[in-house]
Amino acid sequence: MSDVFNEQHDRRTVPRARYAVAAVFAVHGAVTGSFATRVPWIQDHAALGAGQLGFALAFTAFGASCSMPLAGRISHRFGSRTALRGLIALWTLSLVLPSLAPDLVTLCLAMFTYGATAGMADVAMNALGVEVERLLDRSIMSGLHGMWSAGALFGSAAGTLAAHLGSDARLHFALAAAALTLLGVLACGWVLDVQPAEDEEPPPRFALPPRSALLIGAVGFCAVFAEGAGLDWSAVFLRDRLDSSAGLAAASTTGFMLSMAVARIAGDAVVNRFGAVRTVRAGGVLAVLGGLLIVVAGHPAVATGGFALMGLGIAVVVPLCFAAAGHNGPNPSQAIAGVATITYTSGLIAPSLIGGVAQATSLMVSFGLVTVLACGLAVFAGVLRGGGRSPREVSPRAAAVPDRQS
């Protein structure tokens with residue numbers, strides 16, 4: 001995104017823009033939370049096995065990975081505010097599509113569209129979040145993603161209630177989509193309106209991630225794999241492996257999202273105190289412990305606690321990956337898109353791989369794989385050095401990058 005816009009000189013506008021983009025993050029998360037709790041209903045409605053469900057869910061991240069490079073070009077064409085308003089509306093409205101799918105083929109198409117709109121809106125709002133963080137000169141990305149988790153928690157809580165009442169997901173999703181579209185469009189009215197310079201070339205439609213984003217993206221890959229497993233499979237795990245009720249199974253997803261929301265909201269203070277590397281390493285240990293609890297769980301309460309602990313451990317990793325890319329990369333916008341593409345690729349692989357392994361063996365083995373990947377957070381956390389705002393971890397190159405000014 002270009003740094004040519006007059007609003008960033010108004011220091012009263014920037015805090016307002018921070019709250020506005022935080023609201024957009026919450027709306028985006030509420031869509032995901034609403035969907036996640038009704039995955040068992042969608043599976044039953046389309047009459048799918050675990051492997052088929054995993055295959056269909058993979059189209060979410062496939063659609064996102066294909067569409068994310070387009071977000072920068074759309075923002076360049078229409079300006080960041082108008083682009084985000086349109087993209088968030090497409091995302092919220094696409095929530096209805098999966099509930100309408102009667103079979104595997106239509107569900108795959110619905111999930112591709114759902115993922116494509118999710119990915120474009122995700123890149124646009126994260127780029128604006130990094131822009132606000134740069135102007136404020138302090139860490140806010142974990143808090144913004146905390147608002148995403150809070151929104152997902154709200155959506156999953158509503159979904160848990162709907163599942164407990166036996167509500168038809170088509171009605172549930174239609175009402176949620178209408179409300180969230182209105183909230184998202186209204187919030188976009190106060191985000192920063194970044195406009196390109198007259199002589200600025202539009203970004204390419206598709207581009208490979210820059211080299212600086214690859215290692216950072218690898219850490220995000222591990223976190224998003226675990227996050228996707230928790231979101232898409234926690235309810236199925238409790239229902240199929242532990243014979244839980246629909247309401248209790250959905251509550252495991254809510255617990256997972258609650259722990260992520262709390263950790264992300266508190267994350268900026270933790271990162272400023274201990275630095276990005278220590279924070280991610282400690283989180284990796286917690287995620288591994290949570291995965292082990294899930295694998296050995298013989299009671300729904302143990303599995304729910306394991307999902308909550310895993311959510312706590314992975315919560316701040318993705319925000320710190322975006323921050324590291326935005327502050328240290330040679331081209332912040334391209335680096336953010338590159339990291340987002342890699343993390344969504346993890347989301348592409350996770351649902352189908354978990355479903356395939358579960359089909360061949362069991363869900364317990366699938367979450368054993370998740371636990372092994374969570375070890376990567378502790379092992380490779382060092383690549384995020386400079387990704388937080390802690391002075392102890394900011395690289396000389398990052399420290400030399402001034403705030404953007406027009």
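Here are legends for several close-up views of a predicted model.

View 1. Before zooming in, take a look at the predicted chain as a whole. It has 17 helices and zero strands. Of its 406 residues, 58% count as buried. Now think about which parts touch each other: among contacts between residues at least 6 apart in sequence, 87% join residues at least 24 apart.

**View 2. How confident is the prediction along the chain?** The mean pLDDT of the protein chain is 84, with 86% of the residues reaching 70 or more. Two stretches are another story. Residues 1-9 stay under 50 in pLDDT, and the model gives them 42 contacts beyond four places in sequence. Over residues 389-406 pLDDT also stays under 50, and here the model has 54 contacts beyond four places in sequence. Where pLDDT is low, the predicted coordinates should not be read in detail.

**View 3. The largest cavity and the residues around it.** How many cavities of 30 Å³ or more does the count give? There are three, and the largest has a volume of about 560 Å³. Its lining takes in 28 residues. To find the middle of this cavity, look for Thr 32, Trp 148, Glu 227, Leu 231 and Tyr 344, the lining residues that lie nearest its centre. Sorted by class, the lining comes out as 16 nonpolar, eight polar and four charged residues.

**View 4. Which helices supply the cavity lining?** At least two lining residues come from each of α1 (13-36), α3 (50-67), α7 (104-136), α8 (141-164), α10 (211-241), α14 (317-328) and α15 (332-360). Which helix gives the most to the lining? That's α7, with six residues.

View 5. In α4 (69-78), the buried residues are Pro 69, Ala 71, Ser 75 and His 76. What covers them includes α3, α5 and α7.

**View 6. Helix α5, with a quick length check.** Helix α5 covers residues 80-93, which makes 14 residues, and at 1.5 Å a residue the helix should span 20 Å. Quite a list of its residues is buried: Ser 80, Arg 81, Ala 83, Leu 84, Leu 87, Ile 88, Ala 89, Trp 91 and Thr 92. What do the buried residues of α5 pack against? The answer is α1, α4, α7 and α9 (169-187).

View 7. Leu 93 sits in helix α5. Leu 93 counts as partly exposed because its relative accessibility is 46%, and that class lies between the 20% cut-off for buried and the 50% cut-off for exposed. Leaving aside neighbours within four places in sequence, Leu 93 is in contact with Ala 177 and Thr 181. Take Thr 181: it is 88 residues away from Leu 93 along the chain, yet their C-alpha atoms are separated by 6.7 Å.

**View 8. Leu 312 in helix α13.** For this view, go to helix α13 (residues 300-314), where you'll find Leu 312. Is Leu 312 buried, partly exposed or exposed? At 35% relative accessibility, it counts as partly exposed. Skipping residues up to four places away in sequence, Leu 312 touches Ser 259, Ala 263 and Leu 286. Leu 286 is 26 residues from Leu 312 along the chain, and the C-alpha atoms of the two are separated by 7.1 Å.

**View 9. Two loop residues with a positive phi.** Ala 47 is not a glycine, but it has a positive phi of about 55 degrees. Look for Ala 47 in the loop between α2 (39-45) and α3. Its relative accessible area is 63%, so Ala 47 is exposed. Now hop over to Asp 243, in the loop between α10 and α11 (246-274). Asp 243 isn't a glycine either, and its phi is positive at about 55 degrees. With 69% relative accessibility, Asp 243 counts as exposed.

Note on methods: Residues are numbered from 1 along each chain as its sequence is written. This is a predicted model: local features need pLDDT of at least 70, side-chain atom pairs count only at pLDDT 80 or more; totals for chains, interfaces and linings use all residues. Side-chain values use heavy atoms; hydrogens and water are left out. On a 1 Å grid over the protein atoms alone, a cavity is a set of points where a 1.4 Å probe fits but cannot get out, and a pocket is an open set with protein on both sides within 12 Å along at least five of seven lines; lining residues have an atom within 4 Å of a point. Grid points are joined across faces, edges and corners, and a volume is the space filled by probe spheres set on the points. Helices (H or I, at least four residues) and strands (E, at least two) are DSSP runs, numbered from the N terminus. Ala, Val, Leu, Ile, Met, Phe, Trp, Tyr, Cys and Pro count as nonpolar, Asp, Glu, Lys and Arg as charged, and the others, Gly among them, as polar. pLDDT is the predictor's confidence in each residue, from 0 to 100. Contact means heavy atoms within 4.5 Å. The expected span of a helix is 1.5 Å times one less than its number of residues. Buried means under 20% relative accessible area, exposed over 50%, partly exposed in between (1.4 Å probe, protein chains only).
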